[in-house]
Amino acid sequence: MSEKFQAVVIGGGPGGYVCAIRLAQLGFKTACIESRGSLGGTCLNVGCIPSKSLLNLSEEFHKVKNLSNKGIEVGEVKLNLSKMMKSKDKAVTVLTKGVEFLLKKNNVSYFKGHGSFKSKNEIIIKGEDNKETSINADNVVIATGSVPVSLPGINFDEKIILSSTGALKIEQVPKKMVVVGGGYIGLEMGSVWSRLGSEVHVVEFLEHITPGMDREISLEFMKILKKQGIKFHMQHKVEKIQKNTDGAIVTTTDKEGNKKDFDCDVVLISVGRKPNTEGLNIQAAGIELDEKQRVKTDKNFKTNQENIYAIGDVIVGPMLAHKAEDEGIAVAENIAGQSGHVNYDTIPGVVYTTPEVAAIGKTEEQLKEMNLDYKIGKFSFMANSRAKAIDDAEGFVKILADAKTDKVLGAHLIGPHAGELIAEIGIAMEFGASSEDIARTCHAHPTFSEAVKEAALSVDKRAIHS
């Protein structure tokens, strides 16, 4: 007899394990299936966490090399890449084991193996030893995440032609790296290897980096990254990538049709991700997919099958770990008959470069398309005392508010700790706050957060320090 569960979550990433824990908290006998061999999904194993570790360590390396400019004399600074990678791997191991403990603590049954549908209520789990286990489920949540996309006809070998996964495991600093794609992941990993000594070239098909970001922020971001030494080649299309004994040659054409070759040691292809729905045997459960192979769901995350739900990167929406987490909690509460809900207007996005970039809500371009009258408040970190005191004053805060009601519609930051500062604006937006509400709130001095307050004051043209 197959073991029966009231709820089964396929996928142990940020959406999946959070969903499983919440289901268990709500009293369901719950199982979580993960094929990777460790929990945490792409985010914890080969995404958010290891990349943030390398971003931090490479920034520390860069800072130490330049301490003498600030009156701190140090000896010769050397890079031990192997030790740096071990530090990154240790952070991943500690956190993945922590997630496993959380499942155990909440009495969630954890199955290591690849889950696929035999029917809408039966799941087959193929373990690492190729043995198959069958379990039954009243409710199933698909949370299998996404995988990197390559260019047509080009396969990742994770040695020369890299996805984001391979970019986290380079064994020696490449002399020259080409990053194909000017999005979040490519710029983060490009900045890591640039700080460690690589000559980094970003090849982007569009005329601007970070598609979808507020254009003013995007332009400032590229300007700062150029100052840091990253070279940009905009409106260039990659025609082919050819490996050779020294690395690879990336052949591109610009908008006029002129060809340009880039000789490099490694190529990081960072052109997006696609839903990870292959191997689930979706058809056995009769689940409908859309034209991008995403699982079709209604507003309550329910598929066309009454007992099957989907969350995270496999459904419509930004492919972000925190979006998946919120959906995991919401769908668990919906299954329990509660009113789980995700406010997609207040999901922040962060690029963890130096400086950080963060955004929430509408961009100026979107507000123009919507024909909404809006006001802008801006404040530069150059006028923020904390930022100036520590010589970290690049960037600015930009708040967009409704011209009539003053309700905050969006915010866009580039500067120190932008990923943390955006949370204040997220809370304000969740409660329907006005820029006046933020401006009237006392902020500690001296802090970076004062730049948010000043930007809010600036919406009504009454900033004090600019």
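A contact here means heavy atoms within 4.5 Å. Among the contacts in the protein chain with a separation of 6 or more, 62% are accounted for by residues 24 or more positions apart. The model is a predicted one.

**Overall form**

- The protein chain contains 14 helices and 22 strands.
- A compact globule of 466 residues would have a radius of gyration near 23 Å, and the protein chain has 24 Å, so the two agree.
- Taken along the principal axes, the box filled by the C-alpha atoms is roughly 70 × 60 × 50 Å.

**Surface and charge**

- Of the 466 residues, 51% count as buried.
- The protein chain has an accessible surface of about 22200 Å², and carbon and sulfur atoms hold 49% of that.
- There are 58 positive and 60 negative charges, and their mean positions lie 3 Å apart.

**Helix 9**

- Helix 9 covers residues 321-335; at 1.5 Å a residue its 15 residues should span 21 Å, and because its end C-alpha atoms are 21 Å apart, the span agrees.
- Its buried residues include the charged Lys-323, Glu-327 and Glu-333, and also among them are Ala-324, Val-331 and Ile-335.
- The cover over the buried residues of helix 9 includes helix 1 (14-25), strand 6 (132-142) and strand 17 (308-310).
- Just after helix 9, Gly-337 has a positive phi of about 85 degrees.

**Arg-273**

- Arg-273 is located in strand 16, residues 273-275.
- Its relative accessibility is 22%, so Arg-273 counts as partly exposed; buried would require under 20%.
- Arg-273 and Pro-148 are 125 residues apart along the chain, while their C-alpha atoms are separated by 4.3 Å.
- Leaving aside residues up to four places away in sequence, Arg-273 touches residues including Thr-42, Ser-146, Pro-148, Ile-185 and Met-319.

**Phe-156**

- Phe-156 sits in the loop between strand 7 (146-148) and strand 8 (161-162).
- Phe-156 is partly exposed, because its relative accessible area is 25%.
- Beyond residues up to four places away in sequence, Phe-156 touches Pro-148, Val-149, Ser-150, Ile-161, Leu-162, Ser-163 and Ile-269.

Note on methods:
Residues numbered from 1 in each chain as written. Predicted model: local features only at pLDDT ≥ 70, side-chain atom pairs only at ≥ 80, totals over all residues. Heavy atoms only, no water. Helix = DSSP H or I, 4+ residues; strand = E, 2+ residues; numbered from the N terminus. Rg over C-alpha atoms; globule rule 2.2 N^0.38 Å. Buried < 20%, exposed > 50% of the residue type's maximum accessible area, 1.4 Å probe, protein only. Areas by Shrake-Rupley, 256 points an atom, 1.4 Å probe, with all protein chains shown as cover. Charge placed at Lys NZ, Arg CZ, Asp CG, Glu CD. Expected span 1.5 Å × (residues − 1).
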